[in-house]
Amino acid sequence: MEPLLSVRELAEILNITPQRMGKLVQEKTRQDETFLRGRSRWCRPSASRNIFESRGYSYPTGEVLTMTCCKGGVGKTSLVIGTAKRLTSLGCKVLVIDIDMQSNTTSNLIGGQNVEYCLYDVITEKVSIEEAVIQIDSSLSLLPSMLLNTKLESELNGKRLNPKTYFKKVFKTIIKDYDFIIIDTPPALNQPVYLSILFSNLAIVPINLDEFSISGLKLTLDVIKQSREDFPELDLSAKIVINKYDAREKSSLGFLTEIKGLENEFIEVCPEIIRIDAQLKNAQQGNLPLEFNVKKSKAAQDIDLLSRRLMALSVPG
């Protein structure tokens, strides 16, 4: 199901009246790009894009985000899917690259659909990158994963490659087709993860506020720091995103203080904290589309603000 944005939400984001928003919709969108559902009018991603561009917003080209943490269970896949869906509803063209052999992102996005190819097939030149990518809807595409990606590490280690440019060459024919490329990595610090980080404009490190997650965070940040030292010409930065936050946990404040102490000129603790949310959890467990209601879901509100920050749309704070 294609992610949608209500005309009312668009008006709030752009800080204009619903009446003015209604006129913009009439002037800047085609009839088939919006529709009524109940009492609300909804915009397809192409309509949202037309409206944002009419207000002077320029979408990025080929912005690469790697979601990575060597600690499992931090909600990385949920954040990948939620962010990708919200970005597309805001008019972005998004490619999700799943290199986690567990394939949770792939399973959620395509359900029981058979997967023919994955990144391993691309780097072994069995197929082109264009053949491997699946079109999910008009704005969202996926390079899926499957168990075959367990061989990625040995295949990449056996190649003579320039780590700084290798993934840029792999994806060079399609990178400009997307505003954002989001890479979902396994909970590991291996060669595919390292190459993904070097390919990125931004590494996003989701964590939970517990001792094991923070240990994983520090190890992951060490790899990012080493990447910057190995290739200082790369403009690589990192955002720490606190995920599945529960304010009732008394230990949270101490962990928050410790995480803030890790900030420096290229590592930022993201102001958007993703709160724990039963609606998001139920959607994930049931393989349901993450078209949750921003008004009713705390996690949706937080992912919305994070997505808008990634787009450099105006966000509070």
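Which residue in β7 does Ile 134 stand opposite? Select Ile 134 and you will find Leu 142 opposite in β7. This is a predicted model, in which local features need pLDDT of at least 70 and side-chain atom pairs count only at pLDDT 80 or more, while totals for chains, interfaces and linings use all residues. Residues are numbered from 1 along each chain as its sequence is written, and side-chain values use heavy atoms, with hydrogens and water left out.

Next, select the open sheet of eight strands, ordered β6-β7-β5-β8-β4-β9-β10-β11 with mixed pairing; strands (E, at least two residues) and helices (H or I, at least four) are DSSP runs numbered from the N terminus, and two strands pair if DSSP finds at least two bridges between them. Because β6 (134-135) and β11 (267-269) stand at the edges with a single partner strand each, one side of each is left without a neighbour in the sheet.

Now move to Glu 268 and Lys 239, whose side chains meet in a salt bridge (2.3 Å, N to O), defined as a side-chain nitrogen of Lys or Arg within 4 Å of a carboxyl oxygen of Asp or Glu. Glu 268 lies in strand β11 and Lys 239 in strand β10, 29 residues apart.

Finally, select Asp 304 and Arg 86, which form a salt bridge at 3.0 Å, N to O. Asp 304 is in helix α14 (residues 298-311) and Arg 86 in helix α4, so the pair ties together parts 218 residues apart in sequence. Both Asp 304 and Arg 86 are buried, meaning under 20% relative accessible area, where exposed is over 50% and partly exposed in between (1.4 Å probe, protein chains only).
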